[in-house]
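Hi,

Here is the structure I promised to pass on.

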Amino acid sequence: MDFDISHLLESWEYQPGQVVVRRFKAKDGKGKIQLRVDLGLLQMNAEGRPDGKRPFGHNSLLEYHQARLFKYVAAHEASDAGFKLTAEECAKLQLEALQYHHRYICLLQLEDYVGVIRDAERNLTVFDFVQKHAAAEDLVWALRQFEPQLLMILTRARGSQALKEDDYELAIRLIEEGVEQVRTFYKNSAGGEAAEQSGEILSLSDWLEEIRAKRPLTRRERLERALNDAVKSEDYERAAQVRDELRNLKSAE
């Protein structure tokens, strides 16, 4: 068996600062994703747990611990009080979440926004699960510190999906909601100053302004602009016509 992958690396250059990724079907028919890194490449499954493993017979460690919780609650009078995740269990959940992080970064580059949303929301579920059941608070922060970046990626995917369908209004609303989610995180964990210095908020805010500038005008906005232009040029006959169109539009609404 030839273990040398030099021929693969030579035909696929690493590009510093860029996410270099490709998607393909393996010989077994399963979808795979490869990410080019400086010293080689990462390969992951496109579906399910990225490394293809089934911990304790479950699709993921998260699902395994959720099943444990379900049994615990059933045996303790419908209460989850006392169910705790050890430091080792939290660390392994974090490592699993990192696999999904690598994949949703790749999927964002591939413009598979549905996949990004699936994996990012899944990791948010992990964060919430650990926050509720971790044996110590520091175990929670070890995961939760990455939430702003995750929310930014999730917002990018949701906004891009809306833009793909030319729904600028929805994209703007989703990005505004994403910015507010990141701001709320910082306010709750580090205070207002940290929120204003957040790279995630700055990035999303810049993108939001870019989309607003590109957003096609609505009919009302076009008419209002035409009215302003007519008044400025003292074309009062045209201004009167536009006013009538605006009135008719308001009546139709």
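Predicted model: local features only at pLDDT ≥ 70, side-chain atom pairs only at ≥ 80, totals over all residues.

Residues are numbered from 1 along each chain as its sequence is written, and side-chain values use heavy atoms, with hydrogens and water left out.

Let's start with α6, residues 147–164 (helices are DSSP runs of H or I, at least four residues, and strands are runs of E, at least two, numbered from the N terminus). Its 18 residues span 25 Å from first to last C-alpha, close to the expected 26 Å (1.5 Å times one less than the number of residues). Its buried residues include Leu150, Leu151 and Ile153 (buried is under 20% relative accessible area, exposed over 50%, partly exposed in between, with a 1.4 Å probe and protein chains only). After α6 comes aspartate 166, with a positive phi near 60°.

The structure has 21 salt bridges (a side-chain nitrogen of Lys or Arg within 4 Å of a carboxyl oxygen of Asp or Glu). In one of them, arginine 158 pairs with glutamate 121 at 2.7 Å between the closest N and O atoms. That pair ties α6 to α4, 37 residues apart in the chain. Arginine 158 is partly exposed at 25%, and glutamate 121 is partly exposed at 35%.

Arginine 118 forms a salt bridge with glutamate 47 (3.1 Å) and another with aspartate 119 (3.0 Å). Glutamate 47 is exposed at 52%, whereas aspartate 119 is buried at 2%.

Best wishes
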